[in-house]
Amino acid sequence: MTEFWINMGPQHPMTHGLWNMKVQVDGETVTDAKPEIGYLHRGYEKIMEVREFQKNVVLTDRLCYVSSITWSHAYCLAVEKMMGIETPERGQWIRVVALELQRIASHLMWLAAYGPDLGLLTGLLWALRERELFLDLIQLMSGARMNQNYPRVGGVRNDLPENFEAMCRRSIEHFLEKVDNEYQRVFQESKVFHMRTEGVGKISAADAIDWGVTGPNLRACGVNVDLRRLDPYEVYEEIDFEPQVWHDGGAGDSYARFVCRFNELRESCQIILQALEKMPKTGPYRVKAPRRAEGEGYAKTEDSRGEALFYVIGDGDDRPYRVKIRSPVFCTMAATPIMLRGNKLADSVAILGSVDVCVGEMDK
Amino acid sequence: MTSAPLVPNLFAVCEVLVLAIVWVVDQILYALAGLIPPLTGLAQWFDPVARARLGMGPLGSELLIVVVTWLIAVTVIVIWATLVNLLTMMWVERKFYSRLQDRYGIMISIWSLPFWPFNRAHRPTHRGTGYLQNIADGVKLLQKENITPRNADSAMFHISPVLIASSTLMIFAALPWSSGFYVANLELGILFIFAAFSLAPLGILIAGWSANNKYTLVGGLRAAAMLMAYEIPMILSVIALVFFTGSLNPLTIVKQQERTLFSLGPLAIPAWYVFSPQILGFIVFSVSMMAEMERIPFDIPEAEAELVEGWTTEYSGMRFGLVFGFKWLRMIAGAALIAILYLGGWSGPVFVTLSVGGVPVPIVPEEAWFLLKIYLISIVFIWISWSVPRVRIDQILNIGWKKLIPYSLGAIIIAAAAIASGLWAVG
């Protein structure tokens with residue numbers, strides 16, 4: 001059979017967002033792939049130059065709508081470094097709690113999307129059901145389910161509400177029980193799930209590093225890289241946690257990526273519980289940030305999908321002179337043809353689902 | 001165990017119905033003959049009493065009446081299969097997997113109808129049982145435009161849903177619902193059913209090719225590739241069963257299973273073929289049937305994750321409704337086949353009959369047991385298919401060729417050995 005190209009997107013149930021994966025198939029085997037992105041390009045870096053420092057948080061929220069807080073936080077961190085201010089200790093702890101809650105919500109959204117990619121609609125509804133727990137917690141904390149606008153330059157928007165700690169513990173306890181029973185059974189212990197994910201979409205650690213793959217996708221290749229450990233920001237160095245790295249054989253396949261993300265759900269819960277315990281119970285959560293600033297700020301954080309990087313230059317005005325965003329998914333997307341080649345057409349969905357694409361941050 | 005079907009003989013029941021209608025028409029004809037005298041002859045032709053006086057044969061033997069009776073019998077089966085069982089099965093599936101996924105599922109019911117007069121104030125419109133949702137969906141699909149892609153092969157594109165729908169309905173011509181409720185009692189009924197079953201993948205291939213779309217093409221080719229992988233083990237496991245039954249007539253096969261195999265204290269184990277050395281064939285048959293029904297672990301021809309909607313992508317309106325909805329009809333037929341071949345068909349433990357004027361009327365008729373088995377088997381299939389991901393095309397070919405076919409050949413050897421050694425008697 002001759003080879004032909006199939007457009008997987010921009011209107012296709014596989015694409016979680018607006019992008020196009022052109023796949024060349026020979027029968028059922030993928031011989032080549034070409035990601036086409038840019039459908040959602042909104043010119044973030046340019047828009048941010050005409051808005052004040054503090055108001056840009058609203059924009060960075062929308063970089064990835066399932067992981068708003070982590071992106072706003074990366075931006076705030078970069079601006080804080082440029083301004084030379086530091087968040088008060090309680091503010092930093094609150095940020096850690098917010099970041100990890102957002103990471104869990106984001107990973108659950110990924111898990112929810114990964115289910116239908118494999119034909120398992122039940123996984124979608126179960127994961128979205130538990131995501132509500134964390135959206136509720138985030139809403140309690142920030143007042144919004146989406147685009148929370150919670151981190152601010154110099155701290156966070158508001159203090160934690162009353163009883164937040166108890167509610168957090170209760171939700172996490174319930175969630176961990178669901179993870180250990182329902183999710184574990186429907187995903188990890190399912191034979192068909194193993195058949196669909198093991199050994200497909202392989203990428204070697206060397207290739208992954210060359211192409212700039214970061215985050216859980218790189219840790220699935222067996223590379224122990226986690227910016228929360230290697231280059232700790234906020235108060236992560238005071239927290240005892242283990243970056244989830246795939247150590248067994250068959251590294252870099254869809255299953256390894258699944259396991260890394262899946263275990264990060266549990267790990268993030270432990271981080272939240274520790275943070276709730278260790279954080280100072282009272283104190284300021286925010287310092288006043290100057291309106292104008294001059295200099296350069298640079299922050300890289302461990303986003304839900306990889307390393308998020310913000311580079312902000314101020315020229316003494318009340319708005320940035322230049323902003324550069326490094327999106328992890330943008331780099332991962334460039335490496336997807338390597339993962340896809342040689343696999344079956346049906347697996348292209350299982351592979352692209354496992355790398356967790358977020359088009360908002362990819363197209364910026 | 002004595003059996004008693006609710007419909008002792010579909011043809012006889014329909015004939016009574018036809019003769020009753022003819023009697024009403026005849027009275028009208030006699031009344032009209034008072035005004036138009038030449039109609040008297042026609043009225044007398046329809047009148048059994050007048051026929052006897054004039055020395056003509058009984059009305060029931062006239063070709064016209066026989067043909068009309070057959071047409072009505074076929075219509076009864078089609079309505080019974082589609083309007084009753086298809087809708088119920090769709091409702092069962094949608095409600096069941098919704099509950100599996102922690103949600104309410106469909107809720108449109110009779111309370112949602114705008115003209116439903118009773119109890120409206122206490123019943124919000126979307127708090128029903130959801131039985132009418134599928135009818136609402138069907139009405140919606142009927143209203144939609146039927147779009148044919150510009151470059152599609154129009155004739156083939158439009159023939160394919162007809163082929164799929166008609167071949168699926170053909171199954172029900174030979175599929176009995178009880179020892180009396182069937183259209184045709186064929187000696188080779190099971191063979192006919194399988195032949196009708198395997199026509200649909202041809203329709204899928206035609207649909208995939210003619211729509212001139214890459215997704216449908218891949219879906220159609222997958223259906224063709226899959227066909228071999230599951231049809232062969234399915235037929236082979238039935239061959240293993242035929243060693244035991246010595247017949248391909250569904251009525252005979254069920255009759256053989258109505259006796260008691262052995263008693264475990266108060267529990268009488270029936271001689272269903274699943275409790276015989278056919279257990280291996282039963283497993284192979286059920287797995288292949290799941291592929292035949294295109295249910296989720298094996299629904300790769302329309303894998304919606306990578307192929308949009310697979311081979312149904314380009315269909316719209318009621319054509320889509322036909323090819324989509326008839327999947328449930330095939331599920332009913334598949335579950336019915338499993339019940340007939342391995343699970344004793346309509347034989348059940350209790351057949352309470354009341355004698356009404358000398359005619360035995362069953363309280364729990366055979367049809368009830370048969371429907372119970374069909375729905376239970378279907379629910380197990382639904383349960384499985386909403387709990388596992390979809391397998392890949394090469395994996396299902398592996399399962400079919402490397403696992404199911406050897407197992408079914410093994411089932412044949414076991415069956416032959418059981419018969420040869422006298423462990424199990426034919427029939």
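In this predicted model, H4(A) passes H5(A) in a left-handed crossing. After that, we'll look at how chain B is built and where chain B touches chain A.

**H4(A) with H5(A)**
- Helix H4 of chain A covers residues 89-117 and helix H5 of chain A covers residues 121-142; their axes come within 8 Å and cross at roughly 160 degrees.
- Angles over 145 degrees count as roughly antiparallel, so that's the label for H4(A) and H5(A).
- Sorting the residues of this contact by class gives 19 nonpolar, 4 polar and 2 charged.

**H4(A) with H11(A)**
- On the H4(A) side, the contact residues include A:Trp93, A:Glu100, A:Arg103, A:His107 and A:Trp110.
- Over on H11(A), among the contributors are A:Arg261, A:Glu264, A:Ser268, A:Cys269 and A:Leu276.

**Chain B overall**
- Chain B has 14 helices and 4 strands.
- Its C-alpha atoms fill a box of roughly 75 × 65 × 50 Å along the principal axes.
- Of the 427 residues in chain B, 43% are buried.
- Take the contacts in chain B between residues at least 6 apart in sequence: 72% of them join residues at least 24 apart.

**The largest nonpolar core**
- This core has 220 residues, and B:Ile332, B:Ile338 and B:Leu341 have the most contacts inside it.
- H9(B) brings the largest share of the core, with 17 residues.
- Leaving aside residues up to four places away in sequence, B:Ile332 touches B:Ala81, B:Asn85, B:Leu86, B:Met89 and B:Ile374.

**Where chain B meets chain A**
- The two chains meet through 24 residues of chain B and 28 residues of chain A.
- Helix H9 (214-245) and helix H14 (393-420) of chain B each supply at least two residues of the side of chain B that touches chain A.
- H14(B) gives the largest share of that side, 3 residues.
- By class, the side of chain B that touches chain A comes to 13 nonpolar, 3 polar and 8 charged residues.

Definitions and conventions:
Residues numbered from 1 in each chain as written. Chains lettered and ligands numbered in written order. Predicted model: local features only at pLDDT ≥ 70, side-chain atom pairs only at ≥ 80, totals over all residues. Contact = placed C-beta atoms within 7 Å. Nonpolar A, V, L, I, M, F, W, Y, C, P; charged D, E, K, R; others polar. Buried ≥ 20, exposed ≤ 12 C-beta atoms within 10 Å, placed from the backbone. Core = buried A, V, L, I, M, F, W, Y, C linked by C-beta atoms within 7 Å. Axes fitted to C-alpha atoms, helices over the stretch in contact; angles between N-to-C directions. Parallel < 35°, antiparallel > 145°, perpendicular 65-115°, else oblique. Left-handed = near helix turned anticlockwise from the far one by under 90°.
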